[in-house]
Every structure is written in C-alpha cells, then in structure tokens.
Amino acid sequence: MRAALYRKVGRASEVLSIEEIPTPQPSAGQVRVRITASGVNPTDWKTRSGATGADPDGFQVPHQDGAGVIDAVGAGVGERHVGERVWCYLAAFENRYGTAAQYCVLPPERTVALPAEASDELGASLGVPAVTAAHCLGGDPAALAGTTVLVAGGAGAVGHFAIELAKHAGARVVTTVSSPHKAELARAAGADLVVNYRDDDALDQIRRFCSHVERIVEVAFGANLALDVALSAPGTEIVVYAAEAEDPRVSVRQLMTANVRVHFVLLYRVPPVELAAAVRWVDDAVHLGALTALPVHRYRLEQVAAAQDAVANGALGKVIVLPN
Ligand SMILES: NC(=O)c1ccc[n+]([C@@H]2O[C@H](COP(=O)([O-])OP(=O)(O)OC[C@H]3O[C@@H](n4cnc5c(N)ncnc54)[C@H](OP(=O)(O)O)[C@@H]3O)[C@@H](O)[C@H]2O)c1
C-alpha cells in the first residue's frame with residue numbers, strides 16, 4: 001500500500017515520506033480499514049515534530065482520525081464487520097498504522113459505524129475533536145439539558161463540535177471567537193451568543209446574556225482565566241483541553257474563592273469507561289444528523305507534509321488527506 005510515514009521526528013518536509021510498504025494484515029482482535037479520508041489534528045504534527053513525541057520504533061504512519069470501510073478482520077473479530085463504513089479514532093495511538101495510508105489496522109472498538117448520510121470528511125473529523133468535545137462536556141448529554149455552556153474558540157475543531165453537541169443536548173451555548181468569519185462558523189454550529197474575545201467589553205456582552213455558566217470548555221486557560229472566573233458560580237466546571245505556549249500563573253485564592261472545579265483532559269489518557277461514553281454520545285449525534293463538518297481543505301497523500309503544516313499554521317476548518 002501507499003503510506004505516509006516518518007522514521008524520526010522533525011520538520012514535516014524533512015521527515016515525512018510517501019512509500020510503498022506491505023499492506024498490514026489485521027492481527028487477532030484487529031480490523032483493517034481501507035481509508036477514504038484521513039483527518040489531521042494538532043496532535044499529529046506535535047507528535048511528528050517531536051514536540052510531544054519521540055522517534056518511532058521503526059516507522060510511524062501518522063494521523064489518529066479517519067473514515068473508511070472495513071475490508072478484513074483478524075481472528076476473533078466477527079466477519080459481519082467486513083464492508084462496514086466506519087470512522088476511526090486513536091488509530092495511531094500505540095499503533096504504527098495511523099490513517100495517512102491506504103489502509104490501517106486497529107482494534108474494532110476504535111471504529112464506529114458511519115451512517116450513509118454522513119460524509120467521509122465528517123467521519124474523518126470526529127475522532128480527536130468530537131470525542132474530546134463530548135468528554136469535555138461531561139460525557140452525558142442528559143446532564144447538560146437546560147444548562148449554559150461557554151465554549152472558548154467556537155470555530156476551532158473541538159470548539160465546533162462542543163457547540164453542536166451541547167446545543168443538541170439542550171444547553172444554551174455562549175462562544176468566543178476572534179474574527180467575523182469565525183463568528184459565522186460558530187453561529188452556523190448553533191451558538192446562541194457569539195462574542196469576539198478581543199472586544200474590551202466581551203465580559204459585559206456575555207453578562208447581558210447570562211449571569212454565569214455551568215461549564216466552560218477551555219482551549220486557552222491562561223488567556224481566558226479572568227473571563228472564566230468572572231462567569232463562574234460555585235460548582236462551575238472549567239475543563240481545559242489544550243496547553244498554551246506558556247503555562248499560566250493561577251491564583252489559587254481566586255479559584256478557591258470562586259469555588260470552581262478545574263479539570264484537565266488529555267484524550268489519550270481518558271479512562272476507558274469515560275472514553276466509551278464520549279464515543280457513544282458522538283455516535284448517537286452523528287446518527288441523529290446533529291454534527292456537521294467544518295469547511296474542508298483537501299490534500300492528496302503526497303501533500304501530507306503541507307497538510308500537517310496547514311494545521312500547525314492554524315488552518316481555519318478541517319484539513320483532510322485523501323489516501324486512495
Ligand atoms: N487534550 C486533548 O486531548 C486535546 C484534544 C484535542 C485538541 N487538543 C489541543 O487543543 C488545541 C485546539 O485543537 P483544535 O483541533 O480545536 O485546533 P483548532 O481547530 O486550530 O482550534 C483552535 C481554536 O482555539 C482558538 N483560540 C486560541 N486562543 C484563544 C483564546 N484566547 N480564546 C478563545 N479561543 C482561542 C482559535 O481561535 P482564534 O485563532 O480565533 O483565537 C481556534 O479557533 C490544540 O492545541 C490541540 O493540540 C487537545
């Protein structure tokens with residue numbers, strides 16, 4: 001098969017190559033997926049660059065997310081899976097066969113049926129962003145109904161799905177963005193109030209909409225700490241899923257006085273039961289037509305380095321690599 005891969009971490013254009021390698025056979029307890037779309041996330045370029053990963057053992061086909069069709073199964077996996085259209089998550093986690101190739105192999109629980117109405121691009125957008133969003137929202141849609149949620153960065157990949165999932169669960173959603181175009185995307189996702197976080201009166205704009213929020217899905221904890229605390233009430237949960245260039249200095253007294261809960265999330269280490277709950281929520285939402293893809297930027301497999309660089313440079317929308 002043709003695959004994008006790297007043998008050592010470094011700059012995309014220097015370490016990523018396109019090679020013919022043996023098509024992987026699914027081992028016992030694995031399925032093989034013929035990939036139709038490979039979704040690129042910040043975690044993919046951070047791991048490949050060495051920022052969060054080390055040199056792979058041998059080689060690594062990158063990308064955690066993808067969509068495709070199961071075409072073979074290993075021992076112990078029911079043949080009924082063959083032919084099933086799926087989206088994949090955590091494909092490259094502790095597995096050298098990520099989705100930036102014509103085929104990947106992975107455990108069946110990391111594949112989820114993709115309904116006919118959902119595009120390959122949507123399927124390849126779900127793994128890291130939507131599952132993270134569902135987990136940051138608490139993993140239980142029933143618990144969100146009637147609450148107010150603040151989603152920081154509502155035009156980002158995680159932010160987009162956090163808005164859609166929260167709205168579909170019956171929450172009111174406030175979100176922050178930094179430009180009119182991003183505001184449009186956040187409104188299209190269903191946000192009730194969209195505020196430019198660079199406005200001097202961002203807090204006042206939100207306060208006119210709600211006195212406080214019950215949950216905050218936070219991409220920039222340090223930058224938004226003052227806003228988050230100002231919009232918190234005792235019990236508000238601030239869920240932080242991204243690291244900033246510099247770690248923030250926090251005032252324990254300020255957070256203690258606000259009586260907020262601060263919760264940090266890394267998808268790779270979410271306990272299996274909670275991960276399964278988040279995946280189930282995303283699966284249900286996809287089947288109910290509640291999730292949409294951000295505007296898509298398509299790249300051929302040969303352009304994988306450019307695709308990863310686009311994500312590293314903050315591309316607005318979803319970067320997708322088409323391996324087949
Ligand atoms: N912990 C985990 O498991 C996990 C899972 C998924 C993603 N992540 C991390 O989360 C980050 C975002 O991922 P993504 O895929 O959603 O990236 P993305 O699509 O690039 O979105 C990032 C968004 O954050 C917004 N943002 C930046 N600073 C902000 C601020 N001060 N206030 C409000 N919004 C702000 C950006 O909007 P502006 O440019 O308009 O500011 C942008 O829309 C990345 O660092 C990624 O590695 C972590």
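Modeller: Helix 2 and helix 11 are roughly perpendicular to each other, because the angle between their axes falls in the range of 65 to 115 degrees. The structure discussed here is a predicted model. In this model the axes of helix 2 and helix 11, the latter formed by residues 304-312, cross at roughly 110 degrees and come within 9 Å. On the helix 2 side, the residues that meet helix 11 are Pro42, Asp44, Trp45 and Arg48. Their counterparts in helix 11 are Gln308, Val311 and Ala312. Sorted by class, this contact comprises four nonpolar, one polar and two charged residues.

The ligand is surrounded by 28 residues, and Pro42 is listed among the closest, together with Gly153, Gly156, Ser178 and Ala242. Helix 2 (42-49) is one of the elements that give two or more residues to this shell; the others are helix 3 (120-136), helix 5 (157-168), strand 9 (172-177) and helix 8 (221-230). The shell itself consists of 17 nonpolar, 10 polar and one charged residues.

The protein chain is assigned domain 1 (2-119 + 293-322) and domain 2 (130-268). Each of the two domains supplies at least three residues to the shell around the ligand. The centres of domain 1 and domain 2, taken over C-alpha atoms, are separated by 29 Å. Contact between the domains involves six residues of domain 1 and seven residues of domain 2. The side of domain 1 that touches domain 2 has four nonpolar, one polar and one charged residues.

Helix 3 contributes Leu126, Ala130, Val131, Ala134 and His135 to the contact, and helix 10 contributes Glu274, Ala278, Val279, Trp281, Val282 and Val286. The residues of this contact are nine nonpolar, one polar and one charged.

Returning to helix 2, one may follow the chain into the loop between helix 2 and strand 4 (65-73), where proline 56 is found. Proline 56 is partly exposed, with 18 other C-beta atoms within 10 Å. The C-alpha atoms of proline 56 and lysine 8 are separated by 6.2 Å, although the two residues are 48 residues apart along the chain. Apart from its neighbours within four places in sequence, proline 56 is in contact with Tyr6, Arg7 and Arg96.

Glutamate 94, in the loop between strand 5 (85-88) and strand 6 (103-106), has a positive phi of about 55 degrees although it is not a glycine. Glutamate 94 counts as exposed, with 6 C-beta neighbours inside 10 Å. Asparagine 259 is likewise not a glycine, yet has a positive phi of about 60 degrees. Asparagine 259 lies in the loop between helix 9 (252-258) and strand 13 (261-264) and is exposed, with 11 other C-beta atoms within 10 Å.

Notes:
Residues are numbered from 1 along each chain as its sequence is written. This is a predicted model: local features need pLDDT of at least 70, side-chain atom pairs count only at pLDDT 80 or more; totals for chains, interfaces and linings use all residues. A residue is near a molecule or strand if its C-beta atom, placed from the backbone, lies within 6 Å of it. Helices (H or I, at least four residues) and strands (E, at least two) are DSSP runs, numbered from the N terminus. Ala, Val, Leu, Ile, Met, Phe, Trp, Tyr, Cys and Pro count as nonpolar, Asp, Glu, Lys and Arg as charged, and the others, Gly among them, as polar. Domain bounds come from an automatic or database domain assignment. Two residues are in contact if their C-beta atoms, placed from the backbone, lie within 7 Å. Axes are lines fitted to C-alpha atoms, for helices over the stretch in contact, and angles run from 0 to 180 degrees between N-to-C directions. Angles under 35 degrees count as roughly parallel, over 145 as roughly antiparallel, 65 to 115 as roughly perpendicular and the rest as oblique. A residue is buried if 20 or more other C-beta atoms lie within 10 Å of its own, exposed if 12 or fewer, and partly exposed in between; C-beta atoms are placed from the backbone.
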